[in-house]
Amino acid sequence: MGVSMEFRVLGPVEFGVAGRVVPTGHPRQRCVLAVLLIEVNRTVSTEQLIDRVWGERPPNRARNVLSGYITRLRAVISAGETSLDRRPGGYSLSADPGLIDLHRFRDLVTRGRAAQDPELLSEALNLWRGRAFADTASDWLINMREMLENERLEALLRRNDILLGRGGHAELLAELHDLATAHPLDERVTRQLVIALYRCGRQADALAAYSRARALLSDELGLDLSPESQALQRQILGNDPALTAAPPPSPPASRPVPRQLPAVTADFTGRGSELALLDATGATPVLTIDGAAGVGKTALAVSWGQRVAGRFPDGQLFVNLRGHAPGRPLSSLSALAQFLRALGVPPDQLPLDVDEAAALYRSVLAERRVLVVLDDARGPGQVRPLLPGNPGCTVVITSRNRLGGLIAKDGAQRLTLDVLDPQTAVDLLSRLLGAQRVAREPEAAAELARLCTHLPLALRISAANLANHPHRPIAEHAGELRAGNRLDTLQIDGDREAAVRTAFELSYAALEPDARLAFRRIGLIPGPEFTAASVAVLLPGSAEESARLLETLSAAHLVETATAGRYRCHDLLKLFAAELARTDDDRTAALDRLIAADVAAAGSAAVVLYPHMLRLPGGVPGREVFTDHSDALAWLDSERAGLVALIEHTAGHGPRRVAWQLADTLRGYFWLRRCADDWLATARTALAAAQEGGDQQAQAAARLSIADVYWSVGQHAEAMTNYAQALEHARRAGWADGQATILGNLASVNLERGELTLARENYTCALELHQEKGRRAVTLSNLGNLDWEQGALAEAQRHFIEALGLHESPVAMANSLVNLGCVRHDLGLPDQALADLTEALALAREIGDDADEANALVGIAAVLSDAGRPTDARDRGREALELARRIGGRRIETSALNVLGSISHRLARHSEAVEHHTQALELSSTTGDRRAEVEALTGLADAMLALGRPDAAADHATRAVSRAREAGYRLLAGYAEVMLADIHRLRGNAAASATHAGRAAEAFASTGGRLWLYRLRQDNPRP
């Protein structure tokens, strides 16, 4: 039923099932439904519901009336995973947001803006069926309707900008005429119409439209058009060529252009006919190269990719899908996450659902020309989500399997790669051994090539063996290979794999005993790469000796260099090494040493980087491996894939306790780096291991980690569900510290959602349970944040100072310093605030804490702006915005946009201020950041008033006051009340102005905030 169910509020409030509208009661009952749909998966308090439905005139026994409405609605809409539930203090409608047209609209707009995709924006706009909540009436919904109308108009104008930039002026012209009639005072609409008319060759009409708009604005508001509109008129009068043509379709300079193809093998030989076939495929979007292991599929794909890279100016993507490597193949979701990060999508915007990630991937690649190489695919199911669906992109897939499904369903063109022809095989030997050596024994070289079945991998292994013995005759080696073929017992895929096996055995037998042992031990390593240090743990010698042995193995082509100091094996060689390792009696002890070393290093890194974070008992190593933050972080970065593989290995083969302890140890690292894909995968693996082991404490830690992943990407409903499950496991285990941490994180989610009462309750419970001072400090700091949000500034300052006295973690200390500086800024203590924020910035940069560095820059920008240094402030704000976007910190990005908006206003760049605050408002709707929403609305009101648009200013300020009071943001409500007082004063309504000024004064007096005094000194008096 979930597929055919739909809730609609962008028009009349409706509930649809299987294409028919199901009655949901009279208008007041539909108001209740509308409020719950807007706040889907959030608890709305009974008081909020009554206020939003009836306003200042609730009926007698309003709670009983509301309860009756809820009962009747529950009977109508509860089905499948959709339910209307009573929660502590209120009610919650639980449903997939994708079933609600409002949330689909906002999701499509967000994706369309990110990808600059007009089709996604049009799809969003087509969801509208009229005025939002058209058949309901409440003051709160009327305000919400106006806000949504602004969102709709912004999406429409954004789509028009994109289409105009792509030459779509003729198609838009009729729609723009209607839009200008409906919004005669909106200059952006006017400019779009004028541009479209001019590009359609109607210069006179364009100037006439401009003149009408100018006259209307003058008559209605006594204002002239903005500098942007006046500049457009000058361009038209001067026939500016830049205005005639649409901007070129080349990507913005700031858009990443990935260049991920590996280097071409230096001795790549032959394959001329295959390269010609690939060249001849033209615009075929999907190419598959299949063939036996070792035949050279990857080398061919990379060589061709490098040859045609110029055809793909937007970049080349490459991923090894590990379809036939030891261990688990790379998931489609992990591959998508790698690609999306390379394409510039911030980490916290990476979906955790494979279908959503694939949709975003297709959107990002729309209008781009990118080559995508998918190496070692397992099958069509792994590959299909990675197909861009854009004819401008080409995908090359290599696999040992034929991938017939892609040919039948996706129109892929297939190239089956055979072994080298006899002469090319000898040519390859000449390049590997030297032409003179092969020329001395041409018959032996041809025989060697034949015995290797002309397979490139076998040829390379044999040549490496001969290269290590420069005086050995080729004929002698061919004789050994011939004898080996007769003795070979492994027939993976006929004679070719037998030849590979024999070549492996001969190269292995030619090694010294210590090198043979090193090769066998490499077969025990779960991860895809390894270092001399990791191999040394498996051997009796030193790291220096292991480095020498790895060079020996590299010379024999049994391992290859991945990056400086790191090595890897071909998957067949890794399997061969693992098979040989089974004969070692002490292999279990060696693997145990490797596991212990990795667990110890990860634990030591955790102690250095995030000592304040809760970890499972017994997970902290007894010895110190790292003392320096940069070393610890660099080690975790380089070993991440290996640690993830180790968690998977121990979950499947034991000891299971290692899987859940190591996953728990990495929780803080994943939080720092925001690697949501690996984080969620390891947490789920740890949960499965803990469930198999029946360990309640470990299940609590795994659920906590899963919840943290969802919190980090703004999926609050999923986060809260997993926190609740984690809390239950922690209570069953009697784990007080675990309960405290879970409650603290749950409270932080409450805080972000504007549920301040719940947040205080959970923080207070967490503080009572915490025993360790570092974690108590974190909770005190969180309580300070809550005090700050509610305007209790003195109490917030006390909590932050107390937390700083307890902190042991530099990460937590930097965060508390940022918060203390911001509170002191609100208290009107700019010198102290700047000192705190500057110290926080230095500390964050020292330890590599990007998030707090960006937060500190936002705070510094705000202080400098209020201190009368807007130019310096703008520099810091832009630096913060760039960093926030680089790390994917959308909440920080929202704060940076708001502070840049206020700085632009100070610099009298009011249209620019509107743009910044509008972007912040759009982002806040996707992150659920209510504080940022209120700040954006207040900033928009300020800028609109300066632009001579008092009605729009009043609308934004009224919404800001409503949202601030609803959430309990007293100080922010005071700033918005100041705006309303100014607006009414300019309108000549002294009584209303005095009322709002009085409310502002009351808010400032109750919070102790004195920042407004400094702002009054800096701002110019209003006209």
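Mentor: Tyrosine 723 touches Leu704, Ala707, Asp708, Trp711, Ile742, Asn745, Leu746 and Val749, leaving out residues up to four places away in sequence; contact here means heavy atoms within 4.5 Å. This is a predicted model, in which local features need pLDDT of at least 70 and side-chain atom pairs count only at pLDDT 80 or more, while totals for chains, interfaces and linings use all residues. Residues are numbered from 1 along each chain as its sequence is written, and side-chain values use heavy atoms, with hydrogens and water left out.

Tyr723 belongs to the largest nonpolar core, which has 96 residues. A nonpolar core is a set of buried Ala, Val, Leu, Ile, Met, Phe, Trp, Tyr and Cys residues joined through side-chain atoms within 4.5 Å; buried means under 20% relative accessible area, exposed over 50% and partly exposed in between, with a 1.4 Å probe and protein chains only. Together with Phe519, Phe530, Leu553 and Leu636, Tyr723 touches the most other members of that core. A second, separate core holds 78 residues, including Leu817, Ala943, Ala957 and Ile983. In soluble globular proteins, nonpolar side chains tend to be buried together.

Helix H48 covers residues 990–1007 and includes threonine 1007; helices are DSSP runs of H or I with at least four residues, strands are runs of E with at least two, and both are numbered from the N terminus. Threonine 995 also lies in H48. Thr1007 is buried, at a relative accessible area of 5%, whereas Thr995 is partly exposed, at 40%. Beyond its neighbours within four places in sequence, Thr1007 is in contact with Gly791, Leu793, Arg970 and Leu971. The C-alpha atoms of Thr1007 and glutamate 795 are 9.6 Å apart, although 212 residues separate the two along the chain. For Thr995 and leucine 980, 15 residues apart along the chain, the C-alpha separation is 9.4 Å.

Now the chain as a whole. Its secondary structure comes to 49 helices and 14 strands. The radius of gyration is 33 Å, close to the 31 Å given by the globule rule for 1023 residues, so the chain is as compact as a globular protein of that length; the radius is taken over C-alpha atoms, and the rule is 2.2 Å times the number of residues to the power 0.38. Of the 1023 residues, 57% count as buried. Among contacts with a separation of 6 or more, 66% are between residues 24 or more positions apart.
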